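Hello,

I am passing a structure on to you, and my notes on it follow below. Please have a look at it first and then read on.

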Amino acid sequence: QVQLVESGGGLVQAGGSLRLSCTASGSTFSSYVMGWFRQAPGKEREFVAATNWNGGTTYYADSVKGRFTISRDNAKNTMYLQMNSLKPEDTAIYYCAADYSPGYYSGTYYGAWEYEYWGQGTQVTVSS
């Protein structure tokens with residue numbers, strides 16, 4: 001079982017940047033597929049980005065492609081989300097999520113239902 005803690009959220013002006021971190025503990029970090037999701041007020045939780053066990057394969061929602069970069073450092077048990085050119089519509093609570101997959105991964109990476117473990121979330125607010 002893994003525990004996840006997000007950090008790095010805050011208030012930023014449109015066009016600015018933030019870097020979110022997700023630190024894991026309690027299990028072998030490299031055994032997990034990792035993802036970022038977000039949820040804005042009144043909306044459903046949506047996929048943002050995901051990475052395979054070593055960061056060699058990444059996936060992005062169309063809405064963030066070219067602006068956000070997901071990465072991970074298995075030696076530090078940490079995943080990151082670099083967010084550039086932020087827009088007011090990026091305002092949401094951002095969650096990191098983990099899916100235990102020590103071998104071949106048969107999931108899609110995109111579905112929130114595929115992830116077993118979740119952090120508590122960190123608020124990102126982008127002002128116009």
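Let me begin with Cys 22, which is buried, with a relative accessible area of 0% (buried means under 20% relative accessible area with a 1.4 Å probe, protein chains only). Cys 96 is buried too, also at 0%. These two cysteines form a disulfide, with their sulfur atoms 2.1 Å apart; the rule asks for a pair of cysteine sulfur atoms within 2.5 Å. Because Cys 22 lies in strand β3 and Cys 96 in strand β9, the pair ties together parts that are 74 residues apart in sequence. By this rule the count comes to one disulfide.

A word on the source: this is a predicted model, in which local features need pLDDT of at least 70 and side-chain atom pairs count only at pLDDT 80 or more, while totals for chains, interfaces and linings use all residues. Residues are numbered from 1 along each chain as its sequence is written, and side-chain values use heavy atoms, with hydrogens and water left out.

Next, the strands (DSSP runs of E, at least two residues, numbered from the N terminus). Five of the six residues of β8 are buried. β8 pairs with β3 in the antiparallel sense over six bridges, where pairing needs at least two DSSP bridges. Here Leu 18 stands opposite Met 83 in β8. β7 and β8 also pair in the antiparallel sense, over six bridges, and they form a hairpin with four residues between them. In its turn, Asn 77 has a positive phi of about 55°.

Best wishes

Notes:
Buried < 20%, exposed > 50% of the residue type's maximum accessible area, 1.4 Å probe, protein only.
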